[in-house]
Structures are given as structure tokens and as C-alpha cells.
Amino acid sequence: MAYNLLKGKKGIIFGALDSNSIAWKVAERAHEEGAEFVLTNAPVALRMGTINQLAEKTGSQVIPADATSMKDLEHLVDESMKILGGKIDFVLHSIGMSVNVRRGYHYTDQDYKFTKIGWDVSALSFHRVMNVLYNKKAMNEWGSIVALSYIAAQRVFPDYNDMADNKAYLESVARSFGYFFGRDFKVRVNTISQSPTPTTAGSGVKGFDGFLNYAEKMSPLGNATALECADYTISLFSDLTKKVTLQNLFHDGGFSKMGISDEVMQMFNESAEKEHKKHKKDKKK
Ligand SMILES: NC(=O)c1ccc[n+]([C@@H]2O[C@H](COP(=O)([O-])OP(=O)(O)OC[C@H]3O[C@@H](n4cnc5c(N)ncnc54)[C@H](O)[C@@H]3O)[C@@H](O)[C@H]2O)c1
């Protein structure tokens with residue numbers, strides 16, 4: 001259902017690779033809510049992905065930009081303001097990639113060249129994006145900037161590898177830069193900490209299906225889908241959340257506050273019962 005929440009607003013959306021991408025759903029929902037925006041992704045992703053279909057569907061233009069390149073980002077922001085005919089109201093940073101994860105390096109034995117690349121792409125890029133927007137005075141007052149995070153920034157999820165550290169950095173950058181954006185431009189900056197979601201980036205993590213099922217069984221409301229994440233993001237871009245800033249907002253069906261759920265406990269009870277029966281049988285022999 002559309003409510004015209006973003007009528008007249010202009011934005012930049014990073015990270016729509018294919019129709020599973022969270023950014024793809026945000027773009028579809030932003031279009032339904034009346035926004036105009038520019039889509040962007042790394043040049044290599046534009047060649048691999050299907051972003052042109054999304055551009056056509058939402059009446060948007062696509063501008064390639066590697067989020068680790070200041071030159072690309074400056075070009076992106078200048079061109080976006082030209083295309084959209086003014087300053088920007090909302091920006092979505094939906095970018096993540098770990099070379100250590102992709103190449104199967106263990107957290108305890110990383111290749112630090114890869115660690116640096118992953119950090120640059122997944123975390124420092126958020127600082128770079130905000131640096132360009134801030135120094136070009138490209139955001140309208142009461143604008144909103146959102147990046148996507150994961151709870152491995154606060155808790156241990158061993159297979160999330162160096163992405164856990166990248167997300168902790170990303171969330172810190174949101175607070176630190178968010179202060180200056182709030183003070184100087186009345187712009188808010190937040191991160192959304194989303195449930196595990198079956199996308200290209202998500203499914204790349206070892207044991208992802210296990211993660212997904214565990215989170216589903218732990219969360220009283222179940223995992224949040226990509227579309228539900230898009231809905232939440234739209235609310236943060238809208239004028240209904242003007243004083244929410246410097247926050248890491250959990251959008252995870254309640255997972256982050258849980259200790260144990262009945263469903264997960266039951267699985268452990270069943271396996272303990274099996275062990276007990278086996279032990280009794282072995283004793284009788
Ligand atoms: N999928 C999950 O389980 C999950 C959970 C919580 C948070 N997140 C976060 O959500 C965000 C979006 O990921 P997704 O799950 O939609 O996966 P996705 O693979 O669809 O999106 C990741 C995007 O990052 C882009 N990207 C990679 N390198 C780039 C670069 N150098 N410059 C510009 N863009 C680049 C990719 O092209 C891709 O579009 C990421 O920050 C991810 O960490 C995902």
C-alpha cells in the first residue's frame with residue numbers, strides 16, 4: 001500500500017544488484033511512495049546485474065560509481081543533483097562485501113590485503129559518501145541518510161568473519177558523521193540492523209541457511225524480509241521520523257533482545273532426551 005510518504009523527495013540509492021537486493025526493494029517502494037531518485041552501483045556490478053530493468057520500472061537514471069572512489073562519488077553527487085534538479089533528501093548505502101569471506105579465509109587467519117579491501121568497500125565507503133554530500137552541501141534540511149548493518153557488530157557470529165568488524169565501524173561512522181550532519185544541516189543519519197536475508201551478499205556467508213533458520217526460530221515475529229526492510233527504510237526517509245538520528249535500529253523481528261525461545265529450547269530438549277536414552281541402552285549391554 002502506498003501513502004505518498006516521499007512525494008516530492010529526491011534521493012540516491014546505492015546497491016541494487018538484482019531483484020533480491022534490499023536496495024532493489026527500497027527503490028521499488030520509494031517509487032511507489034512518490035520519490036524520484038538516481039540508482040548507482042559499482043561499474044562491474046552494473047555489467048553483471050539487471051539494474052536497467054529497475055531503472056525502467058522506476059523511471060530512474062543509473063550512474064556507475066565505485067563507492068571506494070572519491071572521484072566517482074563526486075561525479076555521482078554532481079550528476080544526481082543535475083538530473084533531479086536540486087539537492088538530495090535521502091540516501092541509502094546498501095553496500096557490503098568481504099574478500100576474506102568470498103575466498104574462504106578464516107577470521108583468525110585473514111589476508112590483510114583482503115581485509116583492507118572489504119573494510120574500504122563495506123565501511124569506509126559510508127564515510128566517503130557522507131564526506132562528498134557534506135562538503136558539496138548536497139543534502140536538503142531534514143534529509144535522511146541510512147546504511148544497512150547486521151547484529152554481528154555487537155554479538156559474536158563466527159562465520160560473519162571480518163564483516164562483523166566492518167559493521168561495527170559502519171555503525172560508529174553513522175554516529176560520528178551524524179553529529180556533524182545534524183548540527184550543520186539538520187540531516188539525520190542512522191543504520192538499520194536487518195535480519196539475515198537471502199540475497200547475493202547474505203548467501204555468501206558460510207552456513208547462511210543455518211543462520212536464517214536459527215534467527216527465524218529465535219525471533220518472536222520471525223525474520224524480517226527484504227520488502228519489510230524497505231518499508232522501514234521508507235519510514236526513515238519520510239517526514240514522520242525527523243528527530244531520529246545517530247541510531248542503530250534493529251529490524252529483526254525481536255531477535256536482538258532474545259536469550260532463548262521455546263522452539264530452540266525444544267530442539268535442545270529433544271536431542272538431550274535422545275542422548276539420555278542412548279546412554280541407558282549402552283549401560284544395559
Ligand atoms: N542479506 C543479509 O542477510 C543482510 C543482513 C543485514 C545487513 N545486510 C546488509 O545489507 C546491505 C545490502 O546487501 P544485500 O543483502 O541486499 O546484498 P546485495 O549483494 O544484493 O547488495 C550488496 C551490494 O553492494 C554492492 N557493492 C559491492 N562493492 C561495491 C563497490 N565497490 N561500490 C559500490 N557498490 C558495491 C554490490 O554490487 C551489491 O549491489 C549490505 O550492507 C549488507 O551487509 C544484509
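Trainee: Which residues are the closest to the ligand, and how many surround it?

Mentor: A residue is near a molecule if its C-beta atom, placed from the backbone, lies within 6 Å of it. Here 27 residues surround the ligand, the closest being Ser21, Ala45, Gly96, Ala201 and Gly202. Note that this is a predicted model, in which local features need pLDDT of at least 70 and side-chain atom pairs count only at pLDDT 80 or more, while totals for chains, interfaces and linings use all residues. Residues are numbered from 1 along each chain as its sequence is written.

Trainee: Which element gives the largest share of the shell around the ligand?

Mentor: Helices (H or I, at least four residues) and strands (E, at least two) are DSSP runs, numbered from the N terminus. Helix 8 gives the largest share, three residues. Helix 1, strand 5 and helix 8 (200-203) each supply at least two.

Trainee: How do the shell residues divide by class?

Mentor: Ala, Val, Leu, Ile, Met, Phe, Trp, Tyr, Cys and Pro count as nonpolar, Asp, Glu, Lys and Arg as charged, and the others, Gly among them, as polar. The shell around the ligand holds 14 nonpolar, twelve polar and one charged.

Trainee: In what order do the strands of the sheet lie?

Mentor: Strands of a sheet pair through backbone hydrogen bonds, either parallel or antiparallel. Two strands are taken as paired if DSSP finds at least two bridges between them. In this model, seven strands form an open, parallel sheet in the order 3-2-1-4-5-6-7. Strand 3 (61-64) and strand 7 (248-251) are the edge strands, each pairing on one side only. Strand 2 (residues 36-41) pairs with strand 3 over four bridges, and Leu39 stands opposite Val62 in strand 3.

Trainee: Why is helix 1 described as largely enclosed by the rest of the structure?

Mentor: A residue is buried if 20 or more other C-beta atoms lie within 10 Å of its own, exposed if 12 or fewer, and partly exposed in between, with C-beta atoms placed from the backbone. Helix 1 (residues 22-32) is largely enclosed because eight of its eleven residues are buried; among them are Trp24, Lys25 and Arg29. Just after helix 1, Gly34 takes a positive phi of about 95°.

Trainee: At what angle do helix 6 and helix 7 pack?

Mentor: Axes are lines fitted to C-alpha atoms, for helices over the stretch in contact, and angles run from 0 to 180 degrees between N-to-C directions. Helix 6 (residues 112-135) packs against helix 7 at about 10°, with the axes 8 Å apart. By class, this contact has twelve nonpolar, four polar and no charged residues.
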